[in-house]
Amino acid sequence: QVQLVESGGGLVQPGGSLRLSCAASGPIFNINAMAWYRQAPGKQRELVATITNGGTTNYADSVKGRFTISRDNSKNTVALQMNSLEPEDTAVYYCNADIFLWTRRTSTYPYWGQGTQVTVSS
């Protein structure tokens, strides 16, 4: 069974920083793209940042210049460094990964973490 577990969320003041991490475990052959999503109260889930297995990154306009996504392929982890946080960044943040299983090495299946709460408030 593949599992993605997020950590690092919490309460931070505006202008502060947090670093989220996500670790994938299980019968993983390889991981293609990884991403962070977030869902704020009363809003739909939105894509925050993506990173390919080659390291190419993309960011939502709302976080570009403030957030940095990175990954460690040897550890099957992805991180999101969040700087200059604003109250509008308050949301549950979800890790996503497209994973090749050992038993299905030619196609990926998307896996999701259960989310970690980030609250930005003074």
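Predicted model: local features only at pLDDT ≥ 70, side-chain atom pairs only at ≥ 80, totals over all residues.
View 1. Let's start with the overall picture: the chain has eleven strands and zero helices. Its C-alpha trace spans about 50 × 25 × 25 Å along the principal axes. A compact globule of 122 residues would have a radius of gyration near 14 Å, and the chain agrees because its own value is 14 Å. Of contacts between residues at least 6 apart in sequence, 57% join residues at least 24 apart.

**View 2. Four strands form an open sheet.** Reading across this sheet gives the order S1-S3-S8-S7, and the pairing is antiparallel. Strands S1 (3-7) and S7 (67-72) stand at the edges with a single partner strand each, so one side of each lacks a neighbour in the sheet. On average, neighbouring strands here are turned by 15° against each other, direction ignored.

**View 3. The largest nonpolar core has 32 residues.** Leu4, Trp36, Leu80, Met82, Tyr93 and Ile99 touch the most other members. Strand S9 (91-101) is among the elements giving two or more residues to this core, and the largest share, six residues, comes from S9.

**View 4. Leu80 and its surroundings.** Leaving aside residues up to four places away in sequence, Leu80 touches residues including Leu18, Leu20, Trp36, Val48, Phe67, Ile69 and Tyr93. Arg19 and Thr68 are also among the residues it touches.

Notes: Residues numbered from 1 in each chain as written. Heavy atoms only, no water. Pairing = 2+ DSSP bridges. Axes fitted to C-alpha atoms, helices over the stretch in contact; angles between N-to-C directions. Core = buried A, V, L, I, M, F, W, Y, C linked by side-chain atoms within 4.5 Å. Buried < 20%, exposed > 50% of the residue type's maximum accessible area, 1.4 Å probe, protein only. Contact = heavy atoms within 4.5 Å. Rg over C-alpha atoms; globule rule 2.2 N^0.38 Å.
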